[in-house]
Amino acid sequence: MLPSDLDRPLYEGIIRDFQRDHSDIKVNPLWVTPGQYQELRTLLAANQAPDLFRCGDVWVANLLPFLRDATPMVKRDAREMDVDSDPDTELAIF
């Protein structure tokens, strides 16, 4: 789930680059309106949650019961992905 706002071209470029580098993974972006959090709650209630979504920090606490800590996966993949930051100090939540 990604907002369909002014940042859309940025996200489209990121997705295009990712798929170029990882042709075995298909990314299907779901562009949502500013009411994305209601859409997300609806998808969660229907057990159709997206694999990833963008969320502002204010909403993290509200959505925390539905999130999974991805820190182990980030640490596992840090060497391969050329991570700029220290994976031991970063928390990735999906």
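# Notebook: salt bridges, a helix and a core

I started with two side chains: R20 is exposed, and so is D21. I noted at once that this is a predicted model.

**Entry 1: the partners of R20.** I looked up what joins these two residues. The side chains of R20 and D21 meet in a salt bridge, with 3.3 Å from N to O. R20 has another partner, D17, and that salt bridge spans 3.1 Å from N to O. I then asked myself: which residues are linked in a network of salt bridges? They are D17, R20 and D21.

I also wanted to know how D17 and R20 sit along their helix. They are three residues apart in helix α1, so about one helical turn separates them. R20 has a relative accessibility of 57%, and because exposed means over 50%, R20 counts as exposed. D17 has a relative accessible area of 34%, so D17 is partly exposed.

Entry 2: How many salt bridges does the structure hold? I found three.

Entry 3: Helix α1 covers residues 8–21, which makes 14 residues. From its first C-alpha to its last it reaches 20 Å, close to the 20 Å expected at 1.5 Å a residue. Which residues of α1 are buried? I wrote down Y11, G13 and I15. So far, then, my α1 page has buried residues such as Y11 and an exposed one, R20.

**Entry 4: the core.** The largest nonpolar core has five residues, namely Y37, L40, L44, L63 and L67. Which helix gives the largest share of this core? It is α2, with three residues.

**Entry 5: an asparagine in a loop.** I followed the chain onward from α2. N47 lies in the loop between α2 (36–45) and α3 (57–63). Is N47 buried or exposed? N47 is exposed, with a relative accessible area of 72%.

**Entry 6: stepping back.** I ended with the protein chain as a whole. Its secondary structure comes to four helices and two strands. Read along the sequence, these follow the pattern β-α-β-α-α-α. Of the 94 residues in the protein chain, 21% are buried. I looked at contacts as well: among those with a separation of 6 or more, 42% are between residues 24 or more positions apart. Finally, the accessible surface of the protein chain comes to about 7300 Å², and carbon and sulfur atoms account for 54% of it.

Definitions and conventions:
Residues numbered from 1 in each chain as written. Predicted model: local features only at pLDDT ≥ 70, side-chain atom pairs only at ≥ 80, totals over all residues. Heavy atoms only, no water. Buried < 20%, exposed > 50% of the residue type's maximum accessible area, 1.4 Å probe, protein only. Contact = heavy atoms within 4.5 Å. Areas by Shrake-Rupley, 256 points an atom, 1.4 Å probe, with all protein chains shown as cover. Expected span 1.5 Å × (residues − 1). Core = buried A, V, L, I, M, F, W, Y, C linked by side-chain atoms within 4.5 Å. Salt bridge = Lys/Arg side-chain N within 4 Å of Asp/Glu carboxyl O.
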